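I wanted a quick pass through this model before using it for anything. These are my notes, in the order I looked things up.

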Amino acid sequence: MKNLFITGVTGFLGGELLVELSKKQDVEKIFCLIRAQSFENGLIRLKKIFDLHGDYFDTQKVIPIIEELTDAELSLKLINNPALAEIDTIIHSAANTSFSKIYDNIVEKVNIEGTQHLLEWAKTLKNLNLFTYVGTATICGKTVKDCIVSEDMSPNTDAKHLVKYTYTKMVGELMLKKYLPSEKILVVRPSIIMGDSRKWKPRSYVILWALATLNELRLFPGNSDSNVDIISIDYAARSIIELVLNENRKYSVYHISSGKVSSTTPGKVTGAIADFFPGKPDFKFVSRSLMADMKKWSKNTVLINEQSNLFTYRSYLDYWLNMYDDNSKLRILFYALEPYIDFIELGQIFDNSRLLEDTTIGQSIPAHEYLKITGETIKEINIFEGAVDY
Ligand SMILES: NC(=O)c1ccc[n+]([C@@H]2O[C@H](COP(=O)([O-])OP(=O)(O)OC[C@H]3O[C@@H](n4cnc5c(N)ncnc54)[C@H](OP(=O)(O)O)[C@@H]3O)[C@@H](O)[C@H]2O)c1
């Protein structure tokens, strides 16, 4: 019987991991590090996770531990909590996943210091068998382009990062071996997790927000044929759970990814949802460099005149003004969207041979297939709220 401790359960991936693990017979208890005002409030947050798709919330099995990762006293508090003394398996899924520069400090605090606090506690656990760190495949950095990336190419301390988030995830991963022996470490590195392949509302609109925004704009400043590695949340969660429970796995680091066979492209993904929105202009893929003009235009429409390449697509500018009647509103969208486009433009595919070798999961469904069912969900996404939240 396993005694689990999970972080990030109120998040996109952590929520899915929690619900699925709570159904396993050989899991005895799941302690969830969760931010809340009180124990009762923590229970309410947990209940919401189970209520979303009508799953049973077993309060005997799933227990909130009200803590905050950045608390300098966290490791001491966990060490002194007798309920946690028998923990044998930890899954660290919590992170601050923001790409926005304005959150760089908190991203660093949560992802580096928070991980360190957890490791300081983990190394004291007498029964610990496994510390699972949910990393990210994108720690390989921005100079790795248009190729298949293997697990062994990271972590590379010389890697250049598009955003602070991937840097902090790399540092977090590098810290593991300072605290724990290799045989107790499992690193799972998802690629891009977007939407759910089941016919229901995904737990979070994170990343799907970018697709919803591009769907509104219809002018895509990027290459339609760039290779993108996208997986669904259900595929990601099932893969990670199989690896956590498989004591015979051969490696300590795995990509959780589509690999080449199930990879996709922006052209295919936008094509998968286009039919849901018959009244909108066609998707148009233009040079990435036009993003600069789009941002300029959103500050002041007059700055874009006949000399600008963007002027060629003025029917899209008219369409935007028609929809939002205020070009400055679009500014927030363009700034929030930019790092997503930069990730897509890298053309990175993450090798999934290890995952296929050590699980029964099989290839993922390509995003352009499973996203066909998300048209209605995309209509529900408030892209302006999402630009601030994600
Ligand atoms: N989504 C992807 O496409 C993707 C791809 C590759 C890797 N990953 C990795 O997968 C993991 C999960 O990502 P996600 O998409 O599920 O993220 P998410 O939806 O943003 O969830 C983040 C979780 O972390 C918790 N958290 C944040 N700051 C915290 C703090 N200071 N103390 C305690 N908990 C805190 C959040 O709790 P609150 O609800 O209290 O804020 C939430 O439960 C992350 O490690 C991420 O790096 C995700």
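I started with lysine 77: it has 16 C-beta neighbours inside 10 Å, so it counts as partly exposed. The scale I used calls a residue buried if 20 or more other C-beta atoms lie within 10 Å of its own, exposed if 12 or fewer, and partly exposed in between, with C-beta atoms placed from the backbone. Lysine 77 is in helix H3 (residues 74–79). Helices here are DSSP runs of H or I with at least four residues, strands are runs of E with at least two, and both are numbered from the N terminus. I also checked lysine 77 against tryptophan 121: the two are 44 residues apart along the chain, and their C-alpha atoms are separated by 8.8 Å.

Housekeeping: this is a predicted model, where local features need pLDDT of at least 70 and side-chain atom pairs count only at pLDDT 80 or more, while totals for chains, interfaces and linings use all residues. Residues are numbered from 1 along each chain as its sequence is written.

Next, the ligand. Which residues come nearest to the ligand? Of the 28 around it, they are Thr10, Gly11, Leu69, Ala94 and Ala95. Being near means that the C-beta atom, placed from the backbone, lies within 6 Å of the molecule. Helix H1 (12–22), helix H4 (104–122) and strand S8 (192–193) are the elements that give two or more residues to this shell. H1 gives the most, with three residues. By class I get 13 nonpolar, 12 polar and three charged residues in the shell. Nonpolar covers Ala, Val, Leu, Ile, Met, Phe, Trp, Tyr, Cys and Pro; Asp, Glu, Lys and Arg are charged; the others, Gly among them, are polar.

Then I turned to helix packing, starting with H1. The axes of H1 and helix H7 (residues 233–245) come within 9 Å and cross at roughly 55°. The axes are lines fitted to C-alpha atoms, for helices over the stretch in contact, and angles run from 0 to 180 degrees between N-to-C directions. H1 and H7 are therefore oblique to each other. For orientation, angles under 35 degrees are roughly parallel, over 145 roughly antiparallel, 65 to 115 roughly perpendicular, and the rest oblique. On the H1 side the contact includes Phe12, Leu13 and Leu17, and on the H7 side Ile233, Ala237 and Ile241. Contact means C-beta atoms, placed from the backbone, within 7 Å. The contact of H1 with H7 has nine nonpolar, no polar and three charged residues.

H4 was next. Its axis and that of helix H5 (residues 164–179) come within 9 Å and cross at roughly 15°. That makes H4 roughly parallel to H5. Among the contact residues are Val107, Ile112 and Leu119 of H4 and Tyr165, Val171 and Met175 of H5. I count nine nonpolar, five polar and four charged residues in this contact.

Most residues other than glycine have a negative phi, and most peptide bonds are trans. The peptide bond from serine 154 to proline 155 is cis, with omega near -5°. Proline 155 sits in the loop between strand S6 (147–149) and H5. Isoleucine 207 has a positive phi, near 70°. Isoleucine 207 counts as buried, with 21 C-beta neighbours inside 10 Å.

Conventions
Two residues are in contact if their C-beta atoms, placed from the backbone, lie within 7 Å.
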